[in-house]
Amino acid sequence: MIKFLDLYQINQMHKTQLIEAFERVLDSGWYIMGSELKKFENEFASYCDTKYCIGVANGLDALILIIRAYKELGVFKEGDEIIVPSNTYIASILAISANNLVPVLVEPEISTYNLDAAKIQAAITTKTVAILPVHLYGQLCEMDKLLSIAKQHNLKVIEDCAQSHGATDSSGKRAGNFGDAAGFSFYPGKNLGALGDAGAITTNDDVLAETIKALLNYGSHIKYQNKFKGINSRLDELQAALLSVKLKTLDQETEVKREIASRYLTEIKNPKVILPDVKLQEAHVWHLFVVRVQQRDDFQRYLTEKQIQTVIHYPIPPHKQEAYKEWNNLTYPISEKIHNEVLSLPISAVMTTSEVDAIIGAINKWY
Ligand SMILES: *Cc1c(COP(=O)(O)O)cnc(C)c1O
């Protein structure tokens with residue numbers, strides 16, 4: 001079986017350095033808020049070219065904390081609206097709901113699966129305070145267009161970078177450095193994955209960064225003094241140390257995925273399989289390689305018979321989820337079409353040439 005994502009093999013590539021990092025943390029006797037966290041935060045801020053990187057417990061918390069900080073600073077209030085893509089992973093939307101703000105769903109462009117800038121204007125009301133673009137599957141949104149709309153309407157831009165570590169625009173600017181703040185996830189299967197849960201926030205805003213640092217640590221800047229009713233969402237020393245190891249080879253691994261993606265894009269020639277639209281090579285870091293097929297379930301069954309494991313990202317659109325009953329009667333046709341037709345093919349830095357050959361061969365033989 002060709003695995004969809006072989007996390008065992010991916011982490012085996014770094015085994016020696018990961019064990020070294022583990023021993024260093026074990027022997028330090030210091031496990032929370034120490035030098036490993038500072039080191040990783042500095043490295044990741046430098047990678048994104050942002051002034052701050054703040055480690056947190058996971059990607060959902062990263063987004064929740066950004067919105068929460070804007071509430072504490074009096075920029076957002078409950079009932080305000082945030083524009084978010086209708087086909088995103090549910091976490092982007094949960095982060096808004098968790099703060100008692102209102103998610104306003106806007107449809108994506110079907111060819112890129114990313115927020116359609118042309119549809120944002122119509123969704124803006126007097127209550128809109130922010131746009132939350134998601135660089136879905138690893139491809140940057142059209143940030144120049146989104147930023148100009150945001151500027152025109154005085155909206156904050158909060159990037160969801162959970163799938164887009166290292167994606168760059170034509171000037172080399174990286175995901176996480178376009179908006180006012182960005183949330184990253186280091187869930188094990190993400191482009192940069194910890195060996196457990198982890199996340200981070202990047203921003204260039206001093207006041208926002210200070211507020212978030214307090215909020216994630218019980219609302220406290222100074223031990224035993226609580227300015228806010230905060231939460232506990234710290235990135236621990238061990239995960240930070242492991243992430244430092246894996247950050248070193250992130251770009252190399254992305255390069256391998258780009259080569260596989262480029263083979264898929266040129267060699268898959270089955271007219272029933274619609275390939276993703278890529279605007280710029282560097283803008284895509286291929287967290288997922290997502291195709292669209294009308295008879296998706298047949299196609300997936302066929303690939304399983306050919307020993308090729310695939311995954312659907314995602315089978316149910318957010319507005320059809322039980323958690324959002326109030327939206328269940330609404331229709332978002334593009335999003336629904338995407339959820340009915342998408343299938344993610346295996347793509348990772350540990351795949352062999354013969355595995356890629358087998359996948360392309362099988363797809364081209366399907367009819
Ligand atoms: C994974 C993911 C998140 C949440 O990250 P966690 O670390 O799992 O909490 C948020 N948004 C998107 C788009 C994601 O893919």
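Select strand β2, residues 81–85. Five of its five residues are buried (under 20% relative accessible area, 1.4 Å probe, protein chains only). Strands here are DSSP E runs of at least two residues, and helices are H or I runs of at least four, numbered from the N terminus. This is a predicted model: local features need pLDDT of at least 70, side-chain atom pairs count only at pLDDT 80 or more, and totals for chains, interfaces and linings use all residues. Residues are numbered from 1 along each chain as its sequence is written, and side-chain values use heavy atoms, with hydrogens and water left out.

Colour the two faces of β2. E81, I83 and P85 lie on one side, I82 and V84 on the other, and all are buried.

V84 has L105 as its bridge partner. Then show β4, residues 128–131, also parallel to β2, with three bridges. There, T128 stands opposite E81.

Now the aromatic pairs. The whole structure holds 13. Rings of Phe, Tyr and Trp (its six-membered ring) pair if their centres lie within 6.5 Å; planes under 30 degrees apart count as stacked, over 60 as edge-to-face and the rest as tilted. Select F40 and F186: centres 5.5 Å apart, planes at 85°, so the pair is edge-to-face. F40 is in helix α3, F186 in the loop between β6 and β7, 146 residues apart. Both are buried. Move to Y324 and W327: centres 4.4 Å apart, planes at 10°, so this pair is stacked.

Finally, select F40, F44, Y47, F184 and F186, a cluster linked by ring pairs.

Key
Buried means under 20% relative accessible area, exposed over 50%, partly exposed in between (1.4 Å probe, protein chains only). Two strands pair if DSSP finds at least two bridges between them.
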